[in-house]
Amino acid sequence: AYFLMPASLVTRAVTELTGELAALENIDRVAHLLRVSRSTLIEHLYNLHMLSLADRDRLRRVFSGSAD
């Protein structure tokens, strides 16, 4: 994930957002922009310390029933 989504690229995508990163529409927007699945993005954001454990777990639950 770090090779395909280096921290600098993820940071650039995140800084262009309005509102909270953990908002569902922002997760969708960044995943689409970086051309990765929501679940991959969520885990990567957590590993980069951009999402809290609580936000990661909430987003996992929200998106678990939907197709990435």
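Helices in these notes are DSSP runs of H or I with at least four residues, strands are runs of E with at least two, and both are numbered from the N terminus. With that settled, I placed His-49 in the loop between α3 and α4.

**Before reading on.** I noted that this is a predicted model, in which local features need pLDDT of at least 70 and side-chain atom pairs count only at pLDDT 80 or more, while totals for chains, interfaces and linings use all residues. Residues are numbered from 1 along each chain as its sequence is written, and side-chain values use heavy atoms, with hydrogens and water left out.

**Entry: α2 against α3.** For helix pairs I used axes, which are lines fitted to C-alpha atoms over the stretch in contact, with angles from 0 to 180 degrees between N-to-C directions. I read the angles as roughly parallel under 35 degrees, roughly antiparallel over 145, roughly perpendicular from 65 to 115 and oblique for the rest. The axes of α2 and α3 come within 9 Å and cross at roughly 100°, which means that α2 is roughly perpendicular to α3. Contact here is heavy atoms within 4.5 Å, and on the α2 side it is made by Ile-27, Asp-28, Val-30, Ala-31 and Leu-34, on the α3 side by Arg-38, Leu-41, Ile-42 and Leu-45. For classes, I counted Ala, Val, Leu, Ile, Met, Phe, Trp, Tyr, Cys and Pro as nonpolar, Asp, Glu, Lys and Arg as charged, and the others, Gly among them, as polar. By that scheme the contact of α2 with α3 holds seven nonpolar, no polar and two charged residues.

**Entry: what α3 buries.** I found Arg-38, Leu-41, Ile-42, His-44 and Leu-45 buried in α3, and the buried residues of this helix pack against α1, α2 and α4. Taking Leu-41 by itself, and not counting residues up to four places away in sequence, I listed Met-5, Ile-27, Val-30, Ala-31, Leu-34 and Val-36 as the residues that Leu-41 touches.

Entry: Leu-9, Val-10 and Ala-13 in α1 meet Val-30, Leu-33 and Leu-34 in α2, a contact with six nonpolar, no polar and no charged residues. For α2 and α4, I noted axes that come within 11 Å and cross at roughly 80°, so α2 is roughly perpendicular to α4 as well. There, Leu-24, Ile-27 and Asp-28 of α2 meet Arg-58, Leu-59, Val-62 and Phe-63 of α4, and the residues of this contact divide into five nonpolar, no polar and two charged.

**Entry: the loops.** In the loop between α2 and α3 I looked up Arg-35, whose phi is near 60°, a positive value in a residue other than glycine; Arg-35 is exposed, with a relative accessible area of 77%. Going back to His-49, which follows α3, I read a positive phi near 65°, and at 72% relative accessibility His-49 counts as exposed.

Is Leu-51 buried or exposed? Leu-51 also lies in the loop between α3 and α4, and at 6% relative accessibility Leu-51 counts as buried. Leaving aside neighbours within four places in sequence, I found Leu-51 in contact with Leu-21, Ala-22, Ile-42, Leu-45, Tyr-46 and Leu-59. Ser-52, found in the loop between α3 and α4, counts as partly exposed at 35% relative accessibility. Along the sequence Ser-52 and Ala-22 are 30 residues apart, yet C-alpha to C-alpha they are 9.0 Å apart in space.

Technical notes. Buried means under 20% relative accessible area, exposed over 50%, partly exposed in between (1.4 Å probe, protein chains only).
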